[in-house]
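Please report on the ligand shells, the sheet and the helix contacts of this model. Keep it brief.

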Amino acid sequence: MGLIVVSNREPYAPRRNEDGTLTWVPSIGGLTAALDPALQQAGGTWIAWGEERADIRAVDLPQEEPRYRLERLRLSEAEVRDFYHGFSNRALWPMSHYFIERAKYQGSGWRAYVNVNRRFAEAAVRSYREGDLIWVHDYQLALVPRLIREALPEARIGFFWHIPWPSSEVFRTLPWDREVLDGILGADLIGMHTPEYVGHFLSACRRALNAETGEGEVRWKDRVSRVVDRPIGIEVETFEQLAASPEVEEAADRLRRTLQTQILLGVDRLDYTKGIPERLEAFDTFLDRHPEARGRVTLVQIAVPSRERVESYRQLRTQVEGLVGRINGKHTEGGWAPIQYIYRGVGREELVAHYRAADVMLVTPLRDGLNLVAKEFTACSADGVLVLSRFAGAADELPEAVQVNPYSPERVADHLLGALNMPLEEKKARLERLRARLHESDLHAWANGFVRELAGE
Ligand code: ADP
Ligand code: G6P
């Protein structure tokens with residue numbers, strides 16, 4: 001029995017070195033961060049869009065053992081524009097995160113979405129051998145389960161939706177609501193991060209399709225799909241070990257010595273769902289209210305560029321850069337600047353060193369399917385405080401975090417003061433309880449559990 005994973009984003013992208021050879025660089029984002037270690041353990045085939053050097057059709061990855069096979073699909077310029085930047089990231093992404101005013105529902109995008117979903121499904125069907133399990137991922141590929149089902153009626157097909165599933169009131173603004181639901185219901189097992197998302201999904205099936213639903217299941221077209229909440233975990237031990245390694249300790253020390261202040265940290269893809277401008281405003285309010293904190297606390301914001309061909313993302317970049325400039329201009333004094341803004345992805349070791357050095361981690365999305373950064377920080381920190389938005393899917397699992405409403409920069413500023421002044425013992429006690437929760441269900445338990453459920457074990 002083999003495993004076939006299908007996602008839009010590929011786990012590694014080829015970059016050409018000066019000597020002409022290629023290096024496969026890990027992609028940044030929650031889906032690939034989670035699935036790559038899972039597939040390394042299970043082995044199998046991963047089908048994804050080959051963004052760069054699409055002439056390389058298949059490759060064994062990662063470059064060292066244990067490996068799996070990556071099959072890369074080439075998409076045309078028009079497909080990338082209409083399917084990826086268009087329907088996926090201008091319609092489904094904003095709608096699912098409750099930003100309906102940003103959603104653009106265009107027929108050309110929908111048609112490209114259908115065609116590209118068909119190409120992914122055909123690739124999966126070509127790879128399939130009897131007894132294989134097929135696991136399709138995320139909002140870019142919602143039609144793939146149905147399309148595979150039509151070609152392979154007996155196949156075991158799983159689907160995981162990594163982002164929020166919004167209230168059916170919002171979902172039904174989508175002109176193709178029925179088609180998307182029908183596509184997903186081609187799967188035997190459908191996973192989401194929280195019970196709320198599952199509830200919203202079931203209600204959409206009832207209201208848009210008039211389908212019969214029961215406790216965690218939908219009956220549709222003479223089949224039953226199970227719908228389960230299975231929040232994704234991280235490789236807790238790997239993060240813990242890396243965080244305690246001498247190299248990381250040294251890098252974290254260097255960071256603390258350079259800044260010489262308490263450190264607030266933000267780590268995100270530069271996405272409007274992450275609440276970065278609101279976070280910066282909260283910090284500005286905090287400095288206005290507590291002038292004594294000047295020179296004593298620095299916000300390090302690491303933002304990796306994302307989806308830059310979509311105008312909302314370009315506008316966000318301009319907005320964030322403007323805010324960083326304004327706030328630094330207003331508060332900088334005596335060689336200290338309040339915000340250090342890093343506009344790029346950083347490697348794993350540097351990332352973990354930042355987690356380790358941070359006094360307070362600010363994870364304040366306006367809406368987020370789960371948020372792995374919150375879990376990664378929890379695994380790495382020795383005595384830091386996690387400030388977490390109540391609108392991150394991970395909030396239910398992490399009740400000992402300081403939970404905030406990111407829509408209120410003033411309230412967040414209040415919580416910042418509390419977090420910066422929290423007694424050491426309380427910080428350690430909270431982290432210990434949070435860490436215990438991470439261990440209860442780590443990444444491998446999540447992936448193996450889903451695959452076993454899919455296999456009917
Ligand atoms: P999303 O799925 O929306 O990208 P998550 O928080 O769930 O958000 O996952 C993001 C992943 O990408 C995490 O594994 C995190 O470590 C990584 N990441 C995010 N921003 C950066 C960055 N600036 N540099 C390096 N890694 C990053
Ligand atoms: C989120 C989505 C993933 C996506 C990732 C990065 O985690 O759920 O499907 O891969 O963001 O976004 P990108 O558009 O670069 O693939």
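The shell around ligand 1 holds eleven nonpolar, four polar and three charged residues. Here Ala, Val, Leu, Ile, Met, Phe, Trp, Tyr, Cys and Pro count as nonpolar, Asp, Glu, Lys and Arg as charged, and the others, Gly among them, as polar. A residue is near a molecule or strand if its C-beta atom, placed from the backbone, lies within 6 Å of it. Of the 18 residues around ligand 1, the nearest are Gly30, Ala33, Val304, Gly345 and Leu372. Helix H1 (30–42), strand S13 (262–269), strand S14 (297–304) and H13 each give two or more residues to this shell. Helices (H or I, at least four residues) and strands (E, at least two) are DSSP runs, numbered from the N terminus.

This is a predicted model, in which local features need pLDDT of at least 70 and side-chain atom pairs count only at pLDDT 80 or more, while totals for chains, interfaces and linings use all residues. Residues are numbered from 1 along each chain as its sequence is written, and chains are lettered from A and ligands numbered from 1 in the order in which they are written.

Which residues are around ligand 2? They are Arg9, Gly29, Gly30, Leu31, Asp138, His162, Ile163, Ser306 and Arg307. By class, that shell has two nonpolar, four polar and three charged residues.

Next, the sheet. Ten strands make an open sheet with mixed pairing, in the order S5-S6-S4-S1-S7-S8-S9-S12-S11-S10. Strands S5 (58–61) and S10 (212–214) are at the edges; each has a single partner strand, so one side of each lacks a neighbour in the sheet. From one strand to the next, the twist averages 20°. Two strands pair if DSSP finds at least two bridges between them.

| Strand | Partner | Bridges | Direction |
|---|---|---|---|
| S7 (residues 133–137) | S8 (residues 156–160) | five | parallel |
| S9 (residues 189–192) | S12 (residues 223–229) | four | parallel |
| S11 (residues 217–220) | S12 | four | antiparallel |

Individual partners can be named. Val136 has Phe159 of S8 as its bridge partner. Met192 is bridged to Asp229 in S12. Trp220 stands opposite Arg223 in S12. S11 and S12 form a hairpin with two residues between them. In that turn, Lys221 has a positive phi of about 50°.

Now the helices. Two packed helices are described by the angle between their axes and the distance between the axes. Axes are lines fitted to C-alpha atoms, for helices over the stretch in contact, and angles run from 0 to 180 degrees between N-to-C directions.

The axes of H6 (residues 177–184) and H7 (residues 195–209) come within 10 Å and cross at roughly 125°. H6 and H7 are therefore oblique to each other. Angles under 35 degrees count as roughly parallel, over 145 as roughly antiparallel, 65 to 115 as roughly perpendicular and the rest as oblique. Asp177, Arg178 and Leu181 of H6 make the contact with Ala204, Cys205, Ala208 and Leu209 of H7. Two residues are in contact if their C-beta atoms, placed from the backbone, lie within 7 Å. This contact of H6 with H7 has five nonpolar, no polar and two charged residues.

For H12 (residues 348–357) and H13 (residues 372–380), the axes come within 9 Å and cross at roughly 70°. H12 and H13 are therefore roughly perpendicular to each other. Val352, Tyr355 and Arg356 of H12 meet Glu376, Phe377 and Cys380 of H13 in the contact. The residues of this H12 contact with H13 are four nonpolar, no polar and two charged.
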